[in-house]
Amino acid sequence: LAARGPLVNNAARVFKEVFTMATIRPGFPGNLSGEQQAAVGDLGVRLASDMARPNGQYLVSMMGGTECFLCRLLRARGWDADEAQKLCGEILAYRLEQSLDTIVKRIVGEQPLQKWDDPNWHPEIKNDAVKKVAPFMPCGRHGFTATGQVVEIWRINQLRPTDILEKCTKEDI
């Protein structure tokens, strides 16, 4: 791993340079047409009560803030505010049904999930069951996309379910 250190550090430096020099693509915050800005404003008004709820606030914070979240919904639905509002309702309902907003808190507590200045940083796992299973998951963080999403590489062909079943209980999994 010591031999990979300079490569990883170089990748982090290159990422920072590319991220700060990159032009913002159309349809993203900072590069919206007049119609797109109007759609973002309209959707923001429509979803104000949904985004004020705890699970809405959490989702918005995880998606990079209100404008990023609204743009993401609108891009996903071809800038149709009615469809984007429906999508948001479906997302919030699903997250509530599946308790998705509490999974991360149960596993890593209140730590941030990523740090911009260190692409190799991982939050400390607080959940004992996840600590047992995690070493058997063949994945690694590669860095971040230009818009801030984590890029991980999962080597599914290296997943050994028998190892997990031998060393972990069903409750752990």
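Predicted model: local features only at pLDDT ≥ 70, side-chain atom pairs only at ≥ 80, totals over all residues.
Close-up 1. Beyond its neighbours within four places in sequence, Arg-95 is in contact with Tyr-58, Leu-59, Leu-100 and Asp-101. Arg-95 itself belongs to helix α6. With a relative accessible area of 16%, Arg-95 is buried, because the cut-off for a buried residue is under 20%.

**Close-up 2. Helix α5 against helix α6.** Helix α5 covers residues 66-76 and helix α6 covers residues 81-97. Their axes come within 8 Å and cross at roughly 115 degrees, so α5 and α6 are roughly perpendicular to each other. The crossing of α5 past α6 is right-handed. On the α5 side the contact is formed by Phe-69, Leu-73, Leu-74 and Ala-76. These residues meet Ala-81, Ala-84, Leu-87, Cys-88 and Ile-91 in α6. Sorted by class, the contact of α5 with α6 has nine nonpolar residues, with no polar and no charged ones.

**Close-up 3. Helix α2 against helix α6.** Helix α2, residues 34-46, packs with α6 at an angle of about 40 degrees, and the two axes are 10 Å apart. The two helices are therefore oblique to each other. Their crossing is right-handed. From α2, the residues making the contact are Asp-42, Leu-43 and Arg-46; from α6, they are Ala-81, Asp-82, Ala-84 and Gln-85. By class, the contact of α2 with α6 comprises three nonpolar, one polar and three charged residues.

Key:
Residues numbered from 1 in each chain as written. Heavy atoms only, no water. Axes fitted to C-alpha atoms, helices over the stretch in contact; angles between N-to-C directions. Helix = DSSP H or I, 4+ residues; strand = E, 2+ residues; numbered from the N terminus. Parallel < 35°, antiparallel > 145°, perpendicular 65-115°, else oblique. Left-handed = near helix turned anticlockwise from the far one by under 90°. Contact = heavy atoms within 4.5 Å. Nonpolar A, V, L, I, M, F, W, Y, C, P; charged D, E, K, R; others polar. Buried < 20%, exposed > 50% of the residue type's maximum accessible area, 1.4 Å probe, protein only.
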